[in-house]
Amino acid sequence: MNPVVSDETLHAFVDGELDVAESERLIARMRDDKELAQRVCALRSLQTMVRLAYVEPPVADGRTLRAAPRRQFVQRCALVCLAVFVGLIGGWSLRGTESQAVAHAPVVLPGGYQVVSLSHAADPSRVLLHIDSSEPDKMQAVLDQAERLLDAADRQGRVVQLEVLANSRGLDLLRAGHSPYAERMARMKQRHGHNLHWVACGQSIARLKSDGEKVVLLPTTQTAPTAIKEIVTRLQQGWTYVRV
Amino acid sequence: MLMISRFLFGPLRPSIEAQRPVLYRIAYAWCHDPALADDLVQETLSKAWTRRAQLRDEAALKAWMVSIMNHCWLDHLRSRRDFEDVEDWQDELESSADTPEASCNREQVIASVRSAVARLPLGQRQVLTLVDLEEFGYAEVAEILDIPVGTVMSRLSRARANLKSLLDTAMQQPTTKPLLRRVK
């Protein structure tokens with residue numbers, strides 16, 4: 001049997017730093033060695049006392065921590081106001097572009113969709129539609145949206161660059177055997193050629209593969225390293241981003 | 001939108017703010033001064049907010065913020081003490097907390113433990129509180145305080161031995177105050 005167990009080892013045991021085999025060996029030893037068991041017990045109670053001592057640390061007089069939730073509340077209010085403001089401005093400016101350029105098209109961006117652009121003027125002729133959900137409704141919405149934009153542009157002789165980016169569960173839209181709209185998408189691609197791109201997030205693909213799934217993408221689908229990078233790059237290039 | 005802002009700006013303010021109670025507990029256990037602890041937490045939160053882009057792994061948010069607070073705390077000590085080398089007094093500095101009067105048994109134990117912890121040398125106090133209060137692993141503590149793991153283990157070992165002997169003495173004469181008073 002080993003000689004005396006060092007304090008460091010006992011501390012590591014109490015703090016859960018020993019590996020399973022070492023812990024088990026120590027536990028086995030404690031059954032026979034009462035003194036060792038007592039040392040561990042003393043350490044544990046010391047630890048408990050320290051924890052107990054700081055469960056409720058005293059609060060500084062005059063500037064209580066209660067200020068925090070209030071500040072948070074104010075911040076949240078400000079955030080909500082900002083979101084509403086951005087939404088209103090975004091909606092208003094889009095309404096403008098629509099009435100000028102897409103006079104006959106139905107509503108381009110239904111309410112609830114967020115429009116974001118990093119450049120000063122979002123370019124309505126370059127649109128990134130982002131889907132990260134596998135809900136059939138959303139998938140259909142993203143395709144409807146894409147088709148509407150492209151058709152409206154066709155009718156008016158404009159060129160619209162459109163990219164549909166899928167990540168996370170939304171990747172199913174671009175997966176052969178999983179996509180419920182494979183045929184429709186093939187038709188769309190045939191019709192609009194290089195104005196329409198299907199882009200899959202490489203990271204989502206890698207994640208699925210590491211889970212043991214086989215990932216086969218629909219033909220003509222491109223891959224971006226990560227969805228986020230693609231979004232940021234496009235935003236910087238002045239694209240309009242719409243999350244469906 | 002949320003994903004973009006997370007990617008661009010790091011953790012959002014609520015998750016930084018949410019660390020406040022944890023930070024406060026640690027800060028208090030380090031300095032035993034509520035007002036100073038509050039200042040340290042405030043400074044840490046604002047630094048964490050401005051440097052939020054540096055944090056890549058959000059799972060490490062807590063450890064990252066504690067390490068920021070460690071720097072704030074050391075800066076504070078430096079400005080107060082005018083020491084050049086923190087290492088010199090890492091092993092000797094006591095907090096200046098007085099022993100609070102204890103009115104009942106539970107409070108008395110709490111008061112004794114707090115004042116015993118306050119009497120530990122700074123380095124030991126930091127390691128002990130991080131391991132015992134927040135259950136950080138030794139490797140995490142080493143990273144937070146920027147010291148080798150071996151030092152974490154030896155400081156912890158010494159801290160617990162010191163704490164035990166301080167408490168043993170305190171418990172033997174529970175009502176007399178001078179025991180844990182700081183001797184200058």
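How many helices and strands are there in chain A? The points below start from that count.

1. **Basis of the model.** This is a predicted model, in which local features need pLDDT of at least 70, side-chain atom pairs count only at pLDDT 80 or more, and totals for chains, interfaces and linings use all residues. Residues are numbered from 1 along each chain as its sequence is written, while chains are lettered from A and ligands numbered from 1 in the order in which they are written.

2. **Chain A overall.** Chain A has 8 helices and 6 strands. Helices here are DSSP runs of H or I with at least four residues, strands are runs of E with at least two, and both are numbered from the N terminus. Along the sequence the pattern is α-α-α-α-β-β-α-β-α-β-α-β-α-β. Chain A holds 244 residues, and 25% of them count as buried. A residue is buried if 20 or more other C-beta atoms lie within 10 Å of its own, exposed if 12 or fewer, and partly exposed in between, with C-beta atoms placed from the backbone. Of the contacts in chain A with a separation of 6 or more, 71% are between residues 24 or more positions apart. Two residues are in contact if their C-beta atoms, placed from the backbone, lie within 7 Å.

3. **Chain B overall.** Chain B has 10 helices and 0 strands, and its elements read α-α-α-α-α-α-α-α-α-α from the N terminus on. Of its 184 residues, 35% count as buried. Among contacts between residues at least 6 apart in the sequence of chain B, 68% join residues at least 24 apart.

4. **Where the chains touch.** The contact takes 29 residues from chain A and 33 residues from chain B. On the side of chain A that touches chain B, the elements giving two or more residues are α1 (7-14), α3 (34-53), α4 (67-101), β1 (114-116) and α8 (227-236) of chain A. Of these, α3(A) gives the most, with 8 residues. By class, this side of chain A has 17 nonpolar, 5 polar and 7 charged residues. Ala, Val, Leu, Ile, Met, Phe, Trp, Tyr, Cys and Pro count as nonpolar, Asp, Glu, Lys and Arg as charged, and the others, Gly among them, as polar.

5. **Helices α1(A) and α3(A).** Two packed helices are described by the angle between their axes and the distance between the axes. The axes of α1(A) and α3(A) come within 10 Å and cross at roughly 55 degrees. That angle makes α1(A) oblique to α3(A). Axes are lines fitted to C-alpha atoms, for helices over the stretch in contact, and angles run from 0 to 180 degrees between N-to-C directions. Angles under 35 degrees count as roughly parallel, over 145 as roughly antiparallel, 65 to 115 as roughly perpendicular and the rest as oblique. The crossing is right-handed. In α1(A), L10(A), H11(A), F13(A) and V14(A) meet R39(A), V40(A), L43(A), R44(A) and Q47(A) in α3(A). These residues divide into 5 nonpolar, 2 polar and 2 charged.

6. **Helices α5(A) and α6(A).** In chain A, the axes of helix α5 (residues 136-155) and helix α6 (residues 182-192) come within 12 Å and cross at roughly 20 degrees. This makes α5(A) roughly parallel to α6(A). The crossing is left-handed: a crossing is left-handed if the near helix is turned anticlockwise from the far one by less than a right angle, and right-handed if clockwise. L143(A), A146(A), E147(A) and L150(A) in α5(A) meet R184(A), M185(A), M188(A) and H192(A) in α6(A). The contact has 5 nonpolar, 1 polar and 2 charged residues.

7. **Residue A227(A).** A227(A) is in helix α8 of chain A. It counts as buried because it has 26 C-beta neighbours inside 10 Å. Leaving out residues up to four places away in sequence, A227(A) touches L165(A), N167(A), C201(A) and S204(A). A166(A) is 61 residues from A227(A) along the chain, and their C-alpha atoms are separated by 7.4 Å.

8. Helix α8 (residues 122-134) of chain B has 13 residues and reaches 17 Å from its first C-alpha to its last, close to the 18 Å expected at 1.5 Å a residue. The expected span is 1.5 Å times one less than the number of residues. In α8(B), 13 of the 13 residues are buried, so the helix is largely enclosed by the rest of the structure. E135(B) follows α8(B) and has a positive phi, near 55 degrees. Elsewhere in chain B, A170(B) lies in helix α10 (residues 149-172) and counts as buried, with 20 C-beta neighbours inside 10 Å.
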